[in-house]
Amino acid sequence: MSAMQGGLSFGLYAHITGWGKALPERVVTNDELAQIVDTSDEWIRTRTGIRQRRVAVDPSETSATLGAKAARAALEVADIPASKVDMIICATSSPEHIFPSTACVIQDLIGAVNAGAFDISAACSGFVYGLGLAKGLIASGQAETILVIGTETLSRIVDWSDRNTCVLFGDGAGAVVVQASPVPGGILTTEMGCDGSGGDLLSLPAGGSKMPATLETVASGQHFIKMNGRAVFRFATRVMADATRRVLDKAGLGIDDVDLVIPHQANERIIAVSMRHLGLPDEKVFRNLQYYGNTSTASIPIALTEAIEQGLVKPSDVLVMVGFGAGLTWAGAAIQWGVPTQEKEAPFWRASQRAAMYNLARARSQLMRISRRLEGSLITEEGDTLTEVVGKRLDELRKSKKEGEKEEPAEKEEQGGSGEQ
Ligand code: UT7
């Protein structure tokens, strides 16, 4: 797929060509939560629909490592190397740091050496905001292959003594590859909205520049999620239906044209009420919140991946993704699905090729870090720092490896093997 057609880079379509998810192994059931706060399985199930959630108990598992795992899975489905990605958009409500962005950490982890990278802070609407940006970057010819990731370790910012919030959230990540294509369809329209007057209804008060971390902010729990659940509930049921109608209107489509809605997986009752407003039957609305709880930015890409795994998405289907969250924000996307969803048979050597690329990316990252530490004292006669020398050497190595790979499939085809890319 090329972003340039006869020198014109406008009017291109943005198709989702890869998808993937990553979830921590540890399952935490409602009964387990009932042992730490005053709640019950019955209350959580009937008020939210959630039965269990995943929690990243291993400190080395972070928003970036989960995001990188989901991104690798999406690249595998799209069957493209990380070096082909030219932008990484990471939506997260639990970034690794204020800066550097989680997107940059993921860029390093997957070795996307030709990509720009940035985070979006639009809370649970962030992934759909990311799809809107990806569509715009592709249509304006500024990018050709984009990773849009939603990733969370909300368990690290949840107050485990607050029953109003701790029963709701879970950890996980989802990612899609969005690629430029001349084929009509893909992400048709998006809707991105906000009402900042509701910012205090759902927030993480401290740790930013308004309320920097102090002993007091830590002692009074200001680094945890605070929420007015009832007010967010009312807002959510209204905007989910409105945003769905608006993206469909923009695309010239009606509710009856929709094959599947993938809503933000926050609360079964929010989904049920807003989809009822739209007159959409249950079988056209995907749900998996019973297994994962509310994974914020990750909920929609995880749900999309599972909907595909369950055979619910076919080429030409019209999908709507719609979410809401802190800000207050909301977002919707109408998509005409454009690629086959059955698993493709990859050439037998692809897995080892991919593993080698990721090992090389790790080695590159380590070398760059070491050389940067030594930098300053070591400058070549040409004025290049050691980092630049190492970077150039690694790029040369990568290029020669790539050339070798181009020849390899051709050789395999000659021997009767599949040269599919
Ligand atoms: O991605 C966006 C994230 N946020 C959301 O999606 C939140 C949207 N809001 C909601 O999902 C719902 O408002 C909640 C699930 C948070 C709460 O459900 P609700 O039906 O709105 O309950 P409520 O807040 O009206 O509380 C009802 C009662 C209260 O007790 P009293 O005051 O009636 O005695 C709460 O203290 O339920 C109590 N309660 C609980 N009881 C047992 C609140 N949390 C719990 C709990 N277990 N975990």
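## Ligand shell and an open sheet

The ligand is surrounded by 20 residues, the closest being Thr39, Arg163, Gly229, Phe233 and Ala266; a residue counts as near if its C-beta atom, placed from the backbone, lies within 6 Å. This is a predicted model, in which local features need pLDDT of at least 70, side-chain atom pairs count only at pLDDT 80 or more, and totals for chains, interfaces and linings use all residues. Residues are numbered from 1 along each chain as its sequence is written.

By type, the shell holds nine nonpolar, eight polar and three charged residues. Here Ala, Val, Leu, Ile, Met, Phe, Trp, Tyr, Cys and Pro count as nonpolar, Asp, Glu, Lys and Arg as charged, and the others, Gly among them, as polar.

Helix 8 gives the most, with five residues. Helices (H or I, at least four residues) and strands (E, at least two) are DSSP runs, numbered from the N terminus.

Elsewhere, four strands form an open sheet in the order 8-13-12-11, with mixed pairing; two strands pair if DSSP finds at least two bridges between them. Strand 8 (186-194) and strand 11 (260-263) stand at the edges with a single partner strand each, so one side of each has no neighbour in the sheet. Strand 12 (residues 318-325) pairs with strand 13 (residues 329-336) in the antiparallel sense over eight bridges. Within strand 13, Trp330 is the bridge partner of Phe324.
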